Number of protein chains: 2
Amino acid sequence: MKILKKDKVTSFKRSVDAGTEEQRAAVKSIIADVKQRGDEAIRHYTEKFDGIHLDSLKVDKDEIKQAYNQIDADLVTILKEAAENIRDFHAKQKSTSWFDTQADGTILGQKITPIDAAGVYVPGGTAAYPSSVFMNVIPAQVAGVERIAMMTPPGPNGEVPAGVLVAADILGIDEIYKVGGAQAVAGLAYGTETISPVDKIVGPGNVFVALAKREVFGDVAIDMIAGPSEIAVLADESAEAQQVAADLLSQAEHDARSSSVLVTTSGTLAEAVHSAVEQQLQTLPREEIARKSIEDYGAIIVCDTMNEAEDVINLIAPEHLEVVTGSPFEQLAKIKHAGAIFLGKYSSEPIGDYFAGPNHVLPTNGTARFSSPLNVDDFVKKSSVISYSQQAWEQNHKKIARFARLEGLEAHARAVEARKENK
Amino acid sequence: MKILKKDKVTSFKRSVDAGTEEQRAAVKSIIADVKQRGDEAIRHYTEKFDGIHLDSLKVDKDEIKQAYNQIDADLVTILKEAAENIRDFHAKQKSTSWFDTQADGTILGQKITPIDAAGVYVPGGTAAYPSSVFMNVIPAQVAGVERIAMMTPPGPNGEVPAGVLVAADILGIDEIYKVGGAQAVAGLAYGTETISPVDKIVGPGNVFVALAKREVFGDVAIDMIAGPSEIAVLADESAEAQQVAADLLSQAEHDARSSSVLVTTSGTLAEAVHSAVEQQLQTLPREEIARKSIEDYGAIIVCDTMNEAEDVINLIAPEHLEVVTGSPFEQLAKIKHAGAIFLGKYSSEPIGDYFAGPNHVLPTNGTARFSSPLNVDDFVKKSSVISYSQQAWEQNHKKIARFARLEGLEAHARAVEARKENK
C-alpha cells in the first residue's frame, strides 16, 4: 500500500470495465435474438452460458419453501430485522404530489406516480447476495411499484442460492426467473412469452449485464453502470489504526479492482494503518483478492491540514466514505461528493451494507459527483400539472402568443388565441 | 388524419431516430478527437460542419449587449416575466437534506448537494429557442449549481441568435460557447484548454447531439434522449373542436415526425376536429411540416367510455396531455403516465411551453412510463449519512457479522467486530 503526500496525487481514476468490442457485439446479438425468438432464445443462451436446460424459467413455490431448510432460523430473523430497517429508512424518502393554487384560480402542481413494473437483476455465483435483493427491491416496494420481477442466473445444478430465495420470500417477491446475463436484461426490457416487460431494470451484474443495460437504456430506464467497490477513510490522529485497516480491507476483499484509500492528517496513523493492513491481510480467507486490490488500487494520502484532506475526498468522490475524526459532523458540511457517509468510530462501512437502513447500491468511480444512492425516487416519476384559469388566460394569452411568434411557431400562438371563442 | 375505433389501435410506436451505423461511428471519432486534441479539434469540426472559423470559442460581452438591439423592449419584459414564473414553480421542487435521530443515539439521514457544474446544449437554426434556455438553465440555478456553461452552434455568420443571448443574459449566464454537435457534447464531457468539463449535460439537439450524449453517458450524467414532440388530447363532447384542432397542430408544426392524437368519447367531436384540422392546416405558415406530421403520426381514437379512453392515454404515455372534459380533475386521478398534464379548456399546451412555470423538457415516445419532466432534482444528488452509536453497535454488531458471513465476506464481519477495542 503506497503512502503518498497530497501533492503527489494527480489522478484518482479507478478501474472501469467498459467491455471489449467482441463483448459489445455479443450482447447486441443476444438482445436482438431475445427480441425475436423470446423464450426460445432465453433457453438457448441459458444452456450455452450456464450449462442448464430449463423446463420452466420460473422458480416454483417448492424451491422457495425448501430454501428455508438451508438457512438457520436465527439468520432468517436477522434478515427480517435488516429488511425492516431498510424499509423504515426508505419510507422517509417518499415524495408526495403537491399542488399550488394561485389567486387568479390557476393550479400548478407535480403529480408523483410509481412506475408500473421493475426488474431486479441479482448476480449469481459468489456474488449472490441476499442483501442485494433487499437493497434493490425495497425502494421499489416503498415507491408503490405493483410488479417486481427478479432475474438471477441458475447455479451448476439449476438452483438459485437459498439466501436469495429466502430474502425474496421475506419481501413477498415470487416472480423469480432463473435467467442471467444479457439474455435476462433483454427479457426484462422487451418481454417474451413468459416474461412481461418492465419499465426499469436495476441491480448489479458482470460486464455482459452492464453492457446489456447500457444497450436497452432509453427503451427502459436503468439504475446505473456500477463499477468495483470503493472506500475512502478520512481520519485524524484520533482514529484506531486496526479499525481503519479492517474497514479498508472490507472493500478490498470484494474485487481485485476495488479501491481502498485512507486520507489522513496524521503521519503516525498512516504508518500504523500501513502495518495493520499487511498484518490483517495474512489471515483473510479472500487474501489473494484483497491483496491485489490493495496493491493496485490502495493508497494512503497524508495531508497537512483537514481542509486539504476534505478537498482530496471531494476529488475522489468515493462510493463509501468513513469520517473517523474527533468531531466528524464538522467534516460533513464540507463533503460534497460521496455515495454514503459513515460518521464516527462505530460506523464501520459493513453496517451500511447490511443493516442500518440506507441503500448499499451507490455511485462508483467518481460518479457520486452527479449520482445518488438507489432510492425511492428512482421508482417513481413526476408529471407536471397545469390548470390555467380564465382570468390567467385573459391576462397572459397575448404575451404567450408573442413569445411563440418570437420563436417562429405560429400554430402555438394560434392555439393559445383560439380560447377567445370559449363560452 | 385517421379516425379509429379503440379496438383498431394496436400500437402507439412513435418515430425514433436512433442514428445510422455511420452516424454512430462519426460521433465516436469526433469524441475521441476532442478528447485528444481539445480546442484544435473543436475548431476543426466547427469549420467542417458549421462553415465557420472561430477565433474565440466564447461569446463575448459585446455580442450579448448587441443582442438586445434586435429584440423589442416589451418582448424582453415578457421573457423576464416567463423566467420568473418558471423560477417560482421550480423553487417548489427543491428537496432538503433530512436527518432522523433514533433513541439509541444513532443518526441516519440524506444529504442533498447540488452538482458542481452543468452544461446546457441549445440547438441552433430554426430551433434556437429562448424558452429552451430558460427551461434547461433555471432548474440548475434553483438547485444551486455553481457553474453553468452553454453550448450552441454558430449561425451562417458566426452569430448566436439574439433571443438565445438575451434569454441567457436575463438568467445571468455568460459562459456561452459557439460550438454545436457532437463536438460540443465532447467538450462539455471531457473538457478542452478553453472549456472546463461539467458533471451533467442537458438540452435537446439533433441526432448527432443525441448520439454523443448516449456515448458520454456514465462519464457524465445526461438528461434524456428526446424524441419528436407529442400531444394527446383526452376530450368529451364538451370540448370545442376548433380549440382541440389548434392544440393538435401546435405540436404537429414542430416536426414532421411529431405525433398528435385525440382520444375522445364523442363521435361528433371526432368528426368536427377532423374537419377543423384540415381547415386550420391550410393557413399555417409551417403547413408542410404540420400536414406531414398529421398524416403520418396523427390519429383520432373514438372510445365507448371515459374509462376506456383513460386506458388508451396510459398506453400512449404522451409527452403532453390535455384533458378537455366536463370535470378534468376527475380524470387526473386515473392518468398514470404523461409528462405534463393540462387540465381544462383554458390550458392550451403552448401555455406550458413558454409561460406557466412547469418545465417543457418532457419525456417522449412513451418514456413518461418511467421518466419525469426536467426538474430541480436532476441537478442535485443525495448522499446517505450513517452515524451509528456505541449502543447501536453493541446491540447489532453480532447480527451484522453473521449476515456478512452468510455472504462469505469475512473481512466485512471482522471490520464490524474490530470496534470491540474502542475506548
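## A walk through a two-chain model

Let's start with one contact: the side chain of B:R419 reaches the side chain of A:D247 in a polar contact at 2.7 Å (a pair of N or O atoms within 3.5 Å; within protein, one must be able to donate a hydrogen and the other to accept it, and residues adjacent in sequence count only if both atoms are side-chain atoms). Before going on, note that this is a predicted model, where local features need pLDDT of at least 70 and side-chain atom pairs count only at pLDDT 80 or more, while totals for chains, interfaces and linings use all residues. Residues are numbered from 1 along each chain as its sequence is written, chains are lettered from A and ligands numbered from 1 in the order in which they are written, and side-chain values use heavy atoms, with hydrogens and water left out.

Back to B:R419, which sits in the segment after α16 (410-417) of chain B; helices (H or I, at least four residues) and strands (E, at least two) are DSSP runs, numbered from the N terminus. B:R419 is buried, at a relative accessible area of 2% (buried means under 20%, exposed over 50%, partly exposed in between, with a 1.4 Å probe and protein chains only). Leaving out residues up to four places away in sequence, B:R419 touches A:Q243, A:D247, A:E322, A:K345, A:Y346, A:S348 and B:W393, where contact means heavy atoms within 4.5 Å.

Now for the whole interface. Chain A puts 118 residues into the contact, and chain B puts in 118 residues. Between them they bury about 11,000 Å², 58% of it on carbon and sulfur atoms; that area is the accessible area (1.4 Å probe) that two parts lose on being put together, summed over both. You'll find 18 salt bridges between chain A and chain B, each a side-chain nitrogen of Lys or Arg within 4 Å of a carboxyl oxygen of Asp or Glu. One of them links A:R369 with B:D116 at 3.4 Å, N to O. On chain A's side, helix α15 (residues 390-406) gives the most, with nine residues.

The two chains share strand pairing too. Strand β14 (residues 380-387) of chain A pairs with strand β13 (residues 340-343) of chain B, in the parallel sense and over three bridges; two strands pair if DSSP finds at least two bridges between them. Within that pair, A:S384 has B:A340 as its bridge partner.

Inside chain B, there's an open sheet of five strands, in the order β6-β5-β4-β7-β8 with parallel pairing. Its edges are β6 (176-177) and β8 (221-222), each with a single partner strand, so one side of each has no neighbour in the sheet. Further in, three bridges join β4 (residues 117-121) to β7 (residues 200-202), and B:V120 is partnered by B:V202.

In chain A, look at strand β10 (residues 259-264): six of its six residues are buried, so the strand is largely enclosed by the rest of the structure. A:S259, A:V261 and A:V263 are buried on one side, and A:S260, A:L262 and A:T264 on the other. Six bridges join β10(A) to the parallel strand β9 (residues 230-235) of chain A, with A:A235 bridging to A:T264.

Finally, a backbone detail. Most residues other than glycine have a negative phi. Yet A:N365 has a positive phi, near 55°, in the loop between α14 (349-354) and β14 of chain A. B:A317 also has a positive value, near 50°, in the loop between α12 (306-316) and β12 (320-324) of chain B, and B:A317 is buried at 0%.
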